[in-house]
Amino acid sequence: MKAQETVFPNVRIPYGTWGNSYFPAWQTSPLAEVNIGQFAGEAMGRILGKRKVPRQQLEYLVVGSTVPYHWKFWTAPMVAYCMGRRLPGCHVEQACATGLQAICVAAGQVQSGTCNVAGVLTYDRTSDSSVGIFPERRAPQRTVAIGDVWDNFGFDPSTGGSMLASAGLASRKYKLDRKEVDEVTAYRYEQYYEAKKTGFLERTAFPLEVLNMQGKPMGRIDDDLGVRRVSLDSLRAMRELDTCVTGGTQTHPSDGLATLLVSTPAKAKELSPKPEIDIQLVAKVEIRTSPGLMPEAPALAVQKLLERTGLAMDDMKVVKNHNPFAANDVIFSKVMGYDWHKMDRTGCSLVWGHPHAATLARTTIEGLEEAVSLGGGYVLIFGCAAGDVGIAAVFKVS
Amino acid sequence: MTDSMRPSTIESLGLGTVLDIFKRGAMPASAAELVDRVFGPANKRGALVITGANGIVGAGKTMQLGRLLEPYGVPVVALDFPGVPAGLVKQYPGLVRGLGKDRAAAIMANVVQLSYDGAHLPRHLSPFNPRFVLEAIPEILEIKRAHYQVFRAEYPEVEIRSVTSGFPSRELGVGIAHPAFPHEINKVWEIVEPKPSPITALYWSLGMIPVMVSDHWSFVLDVLFTGVTLAALRYNAASNMPYWKVDKYVRRLVGPNPLRAHDAIGAKGANFLTWSCLEHLSKRYGPLFQPTASLVEKKDSGQDWYPPNHFRPMVNWPLEGQEVDEFNTWILGPLFQMTSLMLHEERAPLPQMNAIGELCAQFRDGIITVIRRHGSDAVIRTVEAYHRLYPAAAKSPWYPEAFAKMDAPEWQQLYVNAEHDGTVGVITISRESYSHDVDAELNRAIDWLKARKIDRVIVTGDFHLSSQLVGADITDFFPAIEDHAKGIELSRNWSKTARRLNDEFAVSVGFINGKRCLGGMLELMVHCHYVIAVESADLGMPEVTLPVVPGMEGCHWMFRKATPEYWPRILDLLLDGRPAKAKDAVGWIVDYAGPVADAVQACWGAATGNTRLPKRAVADKGLTGVPRDVPGLRPADGGVEAGRKAILDTIQKACEATLAEAITIQARHSGEFMATPHCRNGVVGSAFAKTMAV
C-alpha cells in the first residue's frame, strides 16, 4: 500500500457516529407520507442520540437532497431546527453524486476552519414525486409541469435521452453480454442477503417509527421494503427494455436518509466510541463522459482518481459503488480489469434502491463499516450521476 | 391533652389542631372577622391593591380575590402601567363561564382599574384606602424594592405581599404570598412570614390553601417545577430526544409535563421565570440548578417548547432496554438531590412539601411520596448514578442524610394523620383522592389509635390541604386495565380498610366538610357508623360515568344501611352519576346535615356519645327486593350503559349475599370490569393511554 497525502489533512470521519434509515422502495412505506426534510432532521437527531452524540456537538450542517419538498427553500437551517438545534448550513445537490459530494463539502468546512464538527445529512423521498410548474415560453401552453423524479429520469435535456437509454447505449459500446449482466445482478442479491444474515446491516441502519398527524404510530421502517430475492433464472426470463437492461438489472426508486459526521481529528477522537480508529478522506474526483454514456463514467472517474493518488485497485480493501444498472459493474470490470465479485460485498444500491441523495452516503457508511471490520485499509467509493457524471473518492481507515 | 402522629398541617397556620375544631365546635377563624382585621370595619373598609394586575399572575389573582372579597365589600384596585396588554379583559369570559353573567358583572363592578407610571401613585388611589398590596410586577429585585418604597412613602401602614417565585422575603423586605398556576383558580399560596399573619388566616378562611414555607431563594413549588423542567432539558441535551417526547416520558414517570406547561402558561413569561429561578438557585447552590443553553435560548426568544403545528413530529422516540433506567436517573436524580436540599433547609413540613407538588406542579404523587416509595438506599443510588451521568451536579449540595429517618411518622403519614385527646380520635385525610398510599397510611392511623385504646373516631378531611374529597385516584386503576386480578386485589384491600371503621371502633363518625365527597371517598365515609355533612356538600357516586364499578362496597353497603324506601334513590345515585346535596341525603347516605358550625357540633356530639343520633345498622343478611331499574334514567352512550349494567349486576349479586360474602363479590365485579373494553375505552383507559402508553 502506498502512503498517500490527503487533500483534507485536518479532517476525519468519527467512526460509529453514522447511520442510515432502511430504504423502503417507493410507495411501500409511511416514508411516502412525510416531509422528508423534516423527517430527516428528526431522524438524524435520533441516530446521533443512539450513537451517544449530543447534537450540541454539531456546529454546521450540510444537507443533500434532490427531490423538492415543502420549505426546501430554508435548506439546512430548517432541517437542523427539526433535529432540535439551530445550526447554520448549506444545501448540496448533485443528483446521485449528492451523498459523496456533501461529505466533501463538509470536509471543506472543517478543513477551512469554519467549524470543528459538521453534520452531513442526505435524504430523498421519491414516492409521490413533487411536481414543479415552470413558466416555459417555448411550450404552446406557456407553462409546463414536471414530475421531478420520473420526468427527469426519462429526459436528459443535454442529450434528449433517458437514463435507461444511456445504460443501453453504454452496454452496446462495451459489447456487454446480457448473461453476465444477469449474473452480476443475481450475485449482488446474494451479497446483500448474506450481509443481512450476518447482521451487518444492523450496524449502520436504524429502525425508525413514523408518526401520523395525530402523533400515532403509522409504521416502523425496519427493512429495505420491496427488496425480494431474485434467481438467475427469473432474471434471464425478464423482458429486455434496452440492451442488457431489464426490470431486474436496474435499481428502483426508494425513500430514505443517511447521515454521518465530519470533524477535526481531536473531535473525532472525542465523539467516536472507538477513538483509536482513524478515518480520512484521501481524495475525490469527478468526470463527465460523452453524451448518453453515464454507466461508464464511474470507471473513468476511478481511473482518474487512481492516477491522481498513485493508488491501484489492488490497494483497495473495500470497493463499493452506486450501480443503478448492473451494466455499470460489468463496464467497470472491463475498464479497470477488476473482478466484479470483489465489489459490493455488503450490498449496493442496485439491490436496496435509490433515494438519490442518500444513496452514495449509505454506500460510504457501509464501506467504512466494512473496512473497520476488516482491520482497516483503503475504501473506494464511486458512482454515476445524472448528466453522464462519474464521481469517485478514496478513504483511508486505520 | 392532645396527642398526634404528627402535627396537623393547619397548626402551621396558627389555627390549632383538627381535634380543636371539633372540641371547640367552631372553625378557628371567620372570614368576616378577618376581613375586618385586614381591611378595616365595614364603614371604613379599605382596598386590596394588585399591582401588575394585567400580567398573568396579577390578572388571575384579581379575578380570584375579587370573587372572594366582593361579598365583603372589599374594593379591588387593579394597578398597572398604561399601555400594557389588557390581561384582565382576557379573564372576563372565564368568569362568566364559571359564575354566570350577573355574578361576573358584580365582581367586575368591584374592580377599579388605575394606571401609574411606576414612580408615582395615582391620586385617585387614596380614596380607596389601600390596606393590602399584592405585588405582581416583573421579577427584577431593584424594581420591586423601589415599588414598595413608593407605597410605603404614601401609605406607611399598608401590608405588602409579593407573588415572587424566586426572591426571599429578606431580600425584598416584604412578606411573600406566592401563588400557583392557574392563578384564577388554584387555591395554593406559598407564604413566607415570620409567623402566620391575619392575611394568611384570611386566605384560609376564604377557602384557599396557604402553606407556610421557609425564606429561601425560590420556594418549594419552584424548586420542584423548575427542577423537573431542568431535568427534562438535561436529558434532552444528553440524548437528543425532542422536547415533546421528553415531556411525555416525564409525565409518565412523575406526572407533570413541564414543557407543555410552559407553553400553556405562555412560553415567553414562563421561560423567563423558570430561567430566573434557576439562575438565582445556581448562583447559590451551584451547577445542579444551572440553566441549560436551550433554556437560555428559549428565554431570549420566547419560543414555545413544542414544535409548531406545521412541524408536528414525525419520528417517534421510544425508549428501549436500559434507556428507561437511564432516563429515570436523569429525571429523578436531580429531583432527589434538590429535595435533599429542601429537606436539609427545612423549607416546609413534609406533608405540605409533598402536597405542593401534587396540587401545583402536576406531580401524580408528591416528591416525598416518590422518595418514600423508592427508599433511602435507592434514592441515594439514583443520585450517585446521576452524578456519574452529569458530574457537575456533584459539586452542588447533596444531603443523603436527609433521607435517614424515613420510618418517622412525618415521612410515613404524609396524607393521613391521627390525633386524640385520650377519648376521641380524629383521622384526617390530606389528599383529595384515595390511593394505595392513603390506604396504607389510613391503616397505620387506625392501628395507632387502637394501640392507644381509642375506640371513638372521627374521619374527615384535614381542613387545609384537602378542601374536598373527590374519590379514588384513577391512576391506581391503571394496573387493573391490563390485569383484572390487580383490580380485584385493590378493591378487596381498600374495602377491608373501610370495614375497619365499622368493625374496630365503638363509634366512628365520617365528617364531610368540603364542597363534595365522591366515589371512593364517600364509600369510605359511609363505612363509619355515622356520617355527618355540611348541608351544601355534594355527595355522589360518579363511577358509572367513567365507567367503573365502585370498588369499596359502594354497590351494597349503602343499601344495607338504608330502609327499602331509600333504595331507589341509592340506585339512582349509582346508575346516574349525578350527586345529591347532603341536606337531601339524610337517612340514606348521611345521618345529619346542617350548617358548618352545627355539623361540627353534631359530629363531636356523636363521637363523644353526648348527642344521640339514630344508628342505622348494617344488615348482615342478604337483602331482597332491591330494585332492578330506575325509571327515567338519562340516555347514555355505550360505555356508560355497559357500566350501568355492570353496576346493576353487582348491586344485585352483592346485596343478595351476606355481608361477609359481599366483599368478595363486589371486589370481583369491580376488578373484572376494569379489564373490559368499556373501561379501557372510557376515562380510565384514555387516561392510561395518554399518560402511560408513551
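## Strands, helices and backbone details in chains A and B

In chain B, strands β6 (residues 159–162) and β7 run parallel and are joined by two bridges. This is a predicted model, in which local features need pLDDT of at least 70 and side-chain atom pairs count only at pLDDT 80 or more, while totals for chains, interfaces and linings use all residues. Residues are numbered from 1 along each chain as its sequence is written, and chains are lettered from A and ligands numbered from 1 in the order in which they are written. Helices (H or I, at least four residues) and strands (E, at least two) are DSSP runs, numbered from the N terminus. Two strands pair if DSSP finds at least two bridges between them.

**Around β7 of chain B**

- Is β7(B) mostly covered or mostly uncovered? It is mostly covered, as four of its five residues are buried (buried means that 20 or more other C-beta atoms lie within 10 Å of the residue's own, exposed means 12 or fewer, and partly exposed is in between, with C-beta atoms placed from the backbone).
- The loop between β7 (175–179) and β8 (188–192) of chain B holds B:Pro182, and the peptide bond joining B:Phe181 to B:Pro182 is cis, with omega of about -5°.

**A three-stranded sheet in chain B**

- Three strands of chain B make an open sheet with mixed pairing, in the order β16-β18-β19.
- Its edge strands, each pairing on one side only, are β16 (516–518) and β19 (580–581) of chain B.
- Helix α22 (residues 519–526) of chain B packs on this sheet and touches β16 and β18 of chain B, its direction making about 90° with that of β16(B). Contact here means C-beta atoms, placed from the backbone, that lie within 7 Å; axes are lines fitted to C-alpha atoms, for helices over the stretch in contact, and angles run from 0 to 180 degrees between N-to-C directions.
- β18(B) and β19(B) run antiparallel and share two bridges, with B:Asp538 opposite B:Lys581 of β19(B).
- A further cis peptide bond runs from B:Leu546 to B:Pro547, with omega near -10°; B:Pro547 is in the loop between β18 (538–540) and α23 (557–561) of chain B.

**Helix α13 of chain B**

- Which residues of α13 (residues 293–301) of chain B are buried? They are B:Leu295, B:Lys298 and B:Lys299.
- These three cover an arc of only 105° around the axis, so they sit on the same side of α13(B); the arc is that of the directions from the helix axis to the C-beta atoms.
- B:Ala293, B:Asp300 and B:Ser301, on the other side of α13(B), are exposed.
- The cover over the buried residues includes α9 (220–239) and α12 (267–285) of chain B.
- Just after the helix, B:Gly302 has a positive phi of about 75°.

**A four-stranded sheet in chain A**

- Chain A has an open sheet of four strands with mixed pairing, ordered β12-β15-β14-β13.
- At its edges are β12 (279–288) and β13 (316–322) of chain A, each pairing on one side only.
- From one strand to the next, the twist averages 15°.
- β14 (residues 377–385) and β15 (residues 389–397) of chain A run antiparallel, joined by nine bridges; A:Gly377 has A:Val397 of β15(A) as its bridge partner.
- Helix α3 (residues 98–111) of chain A lies across β12, β14 and β15 of chain A, at about 125° to β12(A).

**Positive phi in chain A**

- A:Arg142 is not a glycine, yet its phi is positive, at about 70°. It is in the loop between β5 (131–135) and β6 (143–147) of chain A and is exposed, with 9 other C-beta atoms within 10 Å.
- A:Asp344, also a residue other than glycine, has a positive phi near 55°. Its place is the loop between α10 (326–336) and α11 (349–352) of chain A, where A:Asp344 is buried, with 28 other C-beta atoms within 10 Å.

Definitions and conventions. Two residues are in contact if their C-beta atoms, placed from the backbone, lie within 7 Å.
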